[in-house]
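Subject: Structure for your review

Dear colleague,

Please find below the structure that I am handing over to you. My notes on what was found in it follow directly after.

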Amino acid sequence: MNERNAPTLEAAPTSAGTRAPRVHYAWVVAAVALLVLLGSAGFRSTPGLMMDALHNEFGWSMGTISSATSVNLTLYGLTAPFAAALMDRFGVRLVVVCALLTVSVGAGLTMLMREPWQLVLCWGVLVGLGSGSMAGAFATTITGRWFRARQGLVTGVLTAAGAAGNLVFLPLGAWLVEEHGWRSAVVVVSLAASAVAVPVLLLMRERPADLGLLPYGATEEPPAVPADGRALARSLRVLRDAGRSRAFWLLAGSFAICGATTAGLVGTHFIPAAHDHGLPVTTAASLLALIGVFDVVGTIASGWFTDRFDSRLLLVVYYALRGLSLFLLPQLFAGSLEPPILAFVIFYGLDWVATVPPTVALCRRHFGEDAPIVFGWVLACHQIGAAVVAGLAGLARDALGSYDLAWYAAGGLCAVAVVLCLALRGTGAPRVVPVLS
């Protein structure tokens, strides 16, 4: 491979055979995507901060408040596969800007609510639809279009943006809720969503060919993807075809458990559960943000591992370790910050969404060009699992007075995920998309 075609920042190839700028524009697009995903994660983290405040102000039960989160998580997941197809039809930039503005409107209207159905409409429906359009299918689309080398690493970095968004917003949001009330937090979300739309409008580009470039690490033009004006039909067709594969259902089932044990349980209920044991909301939010710190490390490392090791076996290890940590969690809560809960935060944080890069890689391996939409459907299952457990954990807390049963059940679900990932062996010949390592 000559110097001009080497997949480095200094000499990325172009479709015209000319020397590209020192920094391939793929990294600019990835940076914009990173900002979008940072913001999206921060927006989604707000309901967990507001649960006690809404309960105290309106007298709504935890189950009632959790129902809005369940709707949010469900729509977040169900929107993803259609968003991937809409990005192919109308462009990434238009879809993402509309999604950000939808989040802004939904969060802003929350300030006016007086009834539970209004919380479901604003935070459940509007914010769920908006954030779902910026979900994992978005990251998969960006990495699939712009990168041939380093796909696993970039997927890991973009996935880690979710954790980093929590890191930035959770402590700030908790402080706002404690000092100025929950309405101040939703104002910040609304304004931030609008602000993130600006760099998307200015800097996002659809494909490398629009700038006369090849994808980063590619040495020849990728095959042209035929335009399909029927985004809904294409999403359903891909689901129908993927649904005939055993691999799809194994990935969907294990990822549903991933969602149940992360966004559904820990992401939604960790703060009120810690508060039940006497830990201040701001401290609990800081711990959840600290999980995000270690998740950044764990997810980027997982992307690096995914480029080098068997993705199926990585998932087995991740789910086994997660289940162990959740089984132990009920014994670790205390009314003050103690070393055992810090150990859980570090251990669990490294594993939080480390499952995403190997899951994306397996979707690419088995489903080729349709991988972004297939992953969107797999992500829909992730969010349905999250939604079910978010609601059930709230009901369990109302009925039993604690979350202990929810933590133990989640640990058991992780054992099921281990079995599903082991069963991925022998699921048929994968369709490999060649990439440069």
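A residue counts as buried when its relative accessible area is under 20%, and as exposed when that value is over 50%, with partly exposed in between. Please keep in mind that the model is a predicted one. W407 has a relative accessible area of 0%, so W407 is buried.

The nonpolar core

The largest nonpolar core holds 123 residues, and those that touch the most other members are V96, F138, V266 and W407. The element that gives the most to this core is helix α16 (residues 371–400), which supplies 10 residues. What does V96 contact once its neighbours within four places in sequence are left aside? The partners are V36, M87, M134, F138 and V200.

The aromatic rings

A pair of aromatic rings is described by the distance of the centres and the angle of the planes. The count of aromatic pairs comes to 14. One of them joins F58 and W60, a stacked pair with 4.3 Å from centre to centre and 10° between the planes.

Y403 is buried, with a relative accessible area of 4%. Together with F270 and F333, Y403 and W407 form one aromatic cluster.

A charge is also found over a ring: the charged end of R89 sits over the ring of F90, 4.8 Å from the ring centre.

Two helices in contact

Two packed helices are described by the angle between their axes and the distance between the axes. The axes of helix α10 (residues 246–264) and helix α11 (residues 266–276) come within 5 Å and cross at roughly 35°. On the α10 side the contact is made by T261, T262, A263 and G264, and on the α11 side by V266, G267, T268 and H269. These residues divide into 2 nonpolar, 6 polar and no charged.

A link across the chain

F367 belongs to helix α15 (residues 356–367). With a relative accessibility of 5%, F367 counts as buried. F367 and S245 are 122 residues apart along the chain, and their C-alpha atoms are separated by 9.6 Å.

Yours sincerely,
A colleague

Conventions
Residues numbered from 1 in each chain as written. Predicted model: local features only at pLDDT ≥ 70, side-chain atom pairs only at ≥ 80, totals over all residues. Heavy atoms only, no water. Core = buried A, V, L, I, M, F, W, Y, C linked by side-chain atoms within 4.5 Å. Buried < 20%, exposed > 50% of the residue type's maximum accessible area, 1.4 Å probe, protein only. Helix = DSSP H or I, 4+ residues; strand = E, 2+ residues; numbered from the N terminus. Contact = heavy atoms within 4.5 Å. Phe/Tyr/Trp six-rings, centres within 6.5 Å; stacked < 30°, edge-to-face > 60°. Lys NZ or Arg CZ within 6 Å of the ring centre and 35° of its normal. Axes fitted to C-alpha atoms, helices over the stretch in contact; angles between N-to-C directions. Nonpolar A, V, L, I, M, F, W, Y, C, P; charged D, E, K, R; others polar.
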